[in-house]
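What follows is a walk through a predicted model.

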Amino acid sequence: MKWTSKTLMFAAAVWMLQGSMPGSAEAQAKPYYEGKTILVIVGSGPGAGNDIRTRLFARHAARHIPGKPQLVVQNRSGGGGLRARNYLYNIAKPDGLTIAEIIRGTGLQDAIDEPAARFKADKFNWIGNLTTATATCVGRIDRVGANLEDAIERSRKTQLREGETSGNSTGAAIGKMLQRFTGINTRLVVGYQGGAPIDLAMEKGEVDMRCGFVWSSAKTRKKHWFKRLGSEKPFASLLIQVATKRHPELSDVPTLIELAPDQESKDVAEMLTLTYRNAYPMLAPPGTPENIVKILRDAFWATVHDPQYLADAKKIGYLDDEPLKGEDVQKLIGKIVSSPEKSRKLMARIVSGK
Amino acid sequence: MRIRPQTVFSFLVLLFFAVVIWGAKDWPVKAQLYPWVIGIPMLVLAAFRLVTDLRSNAGKGASPVTPAESSDSTPADIQFTREVDPVIARRRTVHIFSWIFGFLLACWLLGLSVTIPPFVFLYLKVKSGEGWTLSLVLTGAVWLLYWGLFDRLLRLPFPEGQLYLWLGL
Amino acid sequence: MIESATSGLLQVLSWPAFGFLLLGGAIGFVVGILPGLGGLTTLALMLPFAYTIQEPIAAFCFLLGMHAITGTTGDITSILFGIPGEGTSAATIMDGYPMTKKGQAGRALGAALTSSLVAGLEGAIILAISIPIMRPLVLFFGAPELFMLTILGITFLATLSSASLSKGVLAGGIGLAISAVGIEDHTGTLRYTMGTIYLWEGLSLAPVVVGLFAIPEIVDLAVRGSSIAESKVERISGVLEGVRDTFRHFWLTMRCGMIGVMVGAVPGVGGGVSQWMAYAHAVQSSKDKKRFGTGAVEGVLGPGAANNSKEGGNLIPTVAFGVPGTTGMAILLGAFLIVGLTPGPDMLTKHLDVTLAMVWILVISNILAAGVAFLFLSQLVKLTFVRGNLLIPFLVVFVFLGAFSANNHFADIVVACVFGVLGYFMVLFGWPRAPFVLGLVLGRLAERYLGISLGAYGTAWLLHPPVLVMIVILLGSVSYSVYKRMSTGSV
């Protein structure tokens with residue numbers, strides 16, 4: 001037995017040693033990634049939107065990394081991405097062989113001083129962002145009317161019910177800001193297991209509206225809901241959008257930031273908007289050598305412009321992605337975590353669910 | 001009065017519900033409601049259960065419980081074997097639990113990859129007294145299955161041993 | 001409709017689609033049998049092949065065929081080794097494993113596979129029939145109706161406590177209480193998370209069930225020091241006996257199949273519930289409840305049936321609304337998108353042939369799985385005559401791997417061991433484990449649906465006609481069973 005475990009430990013030690021010397025002379029002679037495997041951790045369970053998306057990315061990325069490594073995707077769900085973030089920050093080796101795709105929220109959790117967050121969001125090495133989601137609030141046309149003004153007017157008579165997954169979700173945060181900014185009379189109905197079940201609850205008439213509805217997904221899944229997508233019997237209308245500037249197809253729909261009445265409100269609205277913008281970001285542990293971060297960032301950018309990748313992405317309904325470069329994500333995250341303390345406190349209150 | 005082990009178990013169940021209720025005392029009402037709606041009636045029932053146990057302990061004649069209640073022979077679930085002498089059975093039970101928890105500890109300290117082969121081999125060779133050939137062949141089979149299927153093919157992210165992290169390897 | 005059905009069948013049987021069905025089925029077969037190897041992990045791993053396959057029906061042949069067969073063969077492991085092959089196939093252990101110990105493994109497997117096949121076909125047929133009413137059907141079940149369904153399920157706790165009502169209800173209560181672990185939806189309160197992120201999303205079913213059932217069996221095997229099967233009374237011809245059992249209890253099989261479809265069609269309820277509900281029904285409808293847990297064949301037929309038919313039910317909300325009922329279906333939903341299909345009304349009109357092809361895939365893969373399994377049964381049954389000492393290290397390793405692969409988290413192994421100890425003492429002191437699992441799977445759902453009902457309708461939902469009907473049924477069945485218990489005196 002001793003023989004077995006000793007040999008194994010020796011083998012393990014050799015393997016670890018190899019992995020920990022990215023800058024060695026040997027590595028410079030041939031591409032660093034040659035014959036290696038990159039582990040891509042997904043911070044959600046299998047089948048989630050970002051999981052499917054990351055697996056698609058992993059399929060095409062190898063071609064664009066010198067040395068053509070293998071990419072392997074693993075799911076580590078838990079705590080809304082918190083488990084994966086803590087792992088990547090504190091345990092994963094910064095050798096470029098472990099990277100992750102963790103759904104939006106890394107910056108926000110850091111900014112509001114989430115007690116269980118054991119990371120500094122701007123210390124991660126951000127590789128890029130697969131898609132910038134334009135989130136919206138949508139409502140049943142028969143309950144909210146045609147636009148935000150109608151909805152505010154109608155909510156005075158009958159309170160509108162907003163369906164969300166939980167009281168401290170980012171979707172609920174949009175709703176609470178909307179309430180704060182416009183005085184719309186809504187109440188939360190929570191407990192749904194994701195976006196699709198809330199859509200279904202709207203169709204059942206159990207709730208009247210929801211926030212955090214991603215516009216690009218409407219174009220593949222809910223065409224029959226909207227007049228502007230060619231539906232003759234529209235079911236829903238758009239109240240607001242969460243974007244830094246109005247989406248070209250939604251030029252008549254106000255953004256959350258536009259509605260903010262004062263500077264503090266504008267700050268929190270911007271934090272949330274940037275959080276949504278950074279929808280499916282990819283990141284590497286802090287301390288990853290600069291040359292490797294550059295390889296990964298370049299490969300990311302080349303992959304998201306690869307025609308084969310785009311063809312596959314289009315097929316699963318990602319039509320207007322507008323991916324972000326790693327450098328831009330880094331700036332965006334920096335902006336979220338360096339928001340004024342007052343607005344970070346306000347944000348913490350809004351997302352605390354209380 | 002001698003306390004039977006099942007009475008201790010009933011007491012632990014009572015304690016469990018007390019902890020469930022106590023743990024929720026500072027929560028907002030919406031979070032508190034569910035644990036209390038479940039916990040409080042269950043606490044009462046657990047107390048009833050404990051009293052029943054104690055009374056069936058005290059004396060058979062005075063016991064108000066039905067035969068189904070006091071004898072544990074009515075199936076509602078599987079039954080453990082009764083054909084082995086209780087003393088031997090207890091010793092074997094302690095042994096197998098020690099093996100399982102020893103394995104758990106070793107997996108945590110050294111990682112699954114390093115622990116699985118020696119565990120299988122030791123169990124076969126030392127605990128069960130099998131021959132060298134059989135022990136080695138079966139260990140090899142487990143290792144191959146683990147390594148080929150779970151590690152190579154499925155790429156499950158088995159954590160490294162905690163010991164390596166402590167030693168900073 | 002007939003036209004689409006024919007076209008669907010022809011497309012499934014055409015090349016290369018049928019080849020993919022065989023390939024997916026073969027993978028699913030192995031994955032299902034190996035304890036510890038989760039069907040979900042494999043399904044997620046295989047999903048990207050949908051990009052390569054491109055053609056929708058061929059892709060579903062591969063993935064849905066694999067998924068359907070995993071469920072069927074998962075029961076085999078539960079019956080032979082007392083280890084759930086999948087987190088969802090634990091209920092088959094209750095009576096299947098005792099049958100194996102009595103040397104009736106062949107009969108138990110025959111019964112499980114045949115009921116699985118019969119109910120799988122039933123599920124497929126119901127899926128086909130319900131196509132025209134699928135959307136209204138799903139829309140009819142709002143949160144209040146679903147809440148009443150979970151309450152109905154919770155009352156089964158009492159049914160499953162045949163020996164002692166107080167022990168059974170308390171065991172169920174422990175399950176209900178443990179289901180509270182995790183983030184509370186309304187306030188974000190961290191309930192009983194003990195300072196760990198691991199517990200934020202509550203305990204996963206798979207490690208709990210694997211530990212609760214497998215570890216006590218391993219202990220018992222070590223104590224007995226013999227093989228799993230205690231006697232060699234039966235030859236493999238017992239398999240045919242199991243087949244006959246299915247037809248002897250044909251209506252039970254059909255009813256449990258129906259339960260599988262109905263529970264499976266409820267989004268968010270997950271695969272774990274339907275098997276236990278079916279088991280509870282099998283116990284409830286039997287005259288002699290005391291046989292359950294000692295190897296009653298009805299206790300195998302019920303969960304066996306539900307395990308397969310639930311896939312048909314699961315497909316209903318997935319196809320009609322894109323709302324997956326289980327994680328497996330969530331991954332299949334990914335396949336929908338990859339091959340360019342949009343779940344929703346189109347699936348029932350423009351792409352009806354694809355929807356019906358899925359029905360055919362369920363039918364054909366079930367028949368194939370049962371057929372192939374019957375060929376291997378005699379080999380598999382032989383394993384139960386292997387000395388326990390040789391099996392134990394394998395079983396322990398598989399329990400660990402099975403627990404781990406649920407979330408790829410080491411803590412899941414610890415959870416399995418902790419619940420293994422709990423399961424051991426429960427069995428030792430005669431506390432039934434089935435109500436515990438039922439409480440665990442239903443508690444969170446009940447709280448959630450109640451929260452939604454109150455949030456959406458206040459208390460007015462209590463007056464919804466379907467809810468009123470269900471309240472009446474509930475009160476009736478509860479008072480009937482209390483009356484029966486009073487008259488037999490087993491409180």
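Of the 491 residues of chain C, 69% count as buried. Chain C is built from 21 helices and two strands. Its radius of gyration is 22 Å, close to the 23 Å that the globule rule gives for 491 residues, so chain C is as compact as a globular protein of that length. The C-alpha trace of chain C spans about 60 × 60 × 50 Å along its principal axes. Among the contacts in chain C with a separation of 6 or more, 80% are between residues 24 or more positions apart.

One helix pair in chain C can be followed residue by residue. Helix α6 (residues 93-101) of chain C packs against helix α7 (residues 105-129) of chain C at an angle of about 150°, and their axes are 7 Å apart. Angles over 145 degrees count as roughly antiparallel, and α6(C) is therefore roughly antiparallel to α7(C). From α6(C), the residues C:G96, C:M99 and C:T100 meet C:A105, C:R107, C:A108 and C:A112 of α7(C). By type, the residues of this contact divide into four nonpolar, two polar and one charged.

In the contact with chain B, 63 residues of chain C face 57 residues of chain B. On the chain C side, at least two residues each come from α3, α6, α10 (165-178), α11 (205-224), α18 (388-407), α19 (410-428) and α20. The helix that gives the most to this side is α18(C), with eleven residues. This side of chain C divides into 37 nonpolar, 18 polar and eight charged residues.

The contact with chain A takes 40 residues from chain C and 42 residues from chain A. Here the elements of chain C that give two or more residues are α3 (39-46), α16 (327-338) and α20 (434-457). The largest share, seven residues, comes from α16(C). The side of chain C that touches chain A consists of 22 nonpolar, 15 polar and three charged residues.

In chain A, the subject is an open sheet of six strands, ordered β2-β1-β3-β10-β4-β11, with mixed pairing. The edges are held by β2 (70-75) and β11 (324-325) of chain A, each with a single partner strand, so one side of each is left without a neighbour in the sheet.

Within the sheet, strand β3 (residues 98-101) of chain A pairs with strand β1 (residues 37-42) of chain A in the parallel sense, over four bridges. In this pair, A:I41 has A:A100 of β3(A) as its bridge partner. With strand β10 (residues 281-284) of chain A, β3(A) pairs in the antiparallel sense over two bridges; there A:A100 stands opposite A:L283. Along β3(A), A:T98 and A:A100 point one way while A:I99 and A:E101 point the other way, and all are buried.

Helix α15 (residues 326-337) of chain A lies across β4, β10 and β11 of chain A and runs at about 110° to β4(A).

Conventions:
Residues numbered from 1 in each chain as written. Chains lettered and ligands numbered in written order. Predicted model: local features only at pLDDT ≥ 70, side-chain atom pairs only at ≥ 80, totals over all residues. Contact = placed C-beta atoms within 7 Å. Nonpolar A, V, L, I, M, F, W, Y, C, P; charged D, E, K, R; others polar. Axes fitted to C-alpha atoms, helices over the stretch in contact; angles between N-to-C directions. Parallel < 35°, antiparallel > 145°, perpendicular 65-115°, else oblique. Buried ≥ 20, exposed ≤ 12 C-beta atoms within 10 Å, placed from the backbone. Pairing = 2+ DSSP bridges. Rg over C-alpha atoms; globule rule 2.2 N^0.38 Å.
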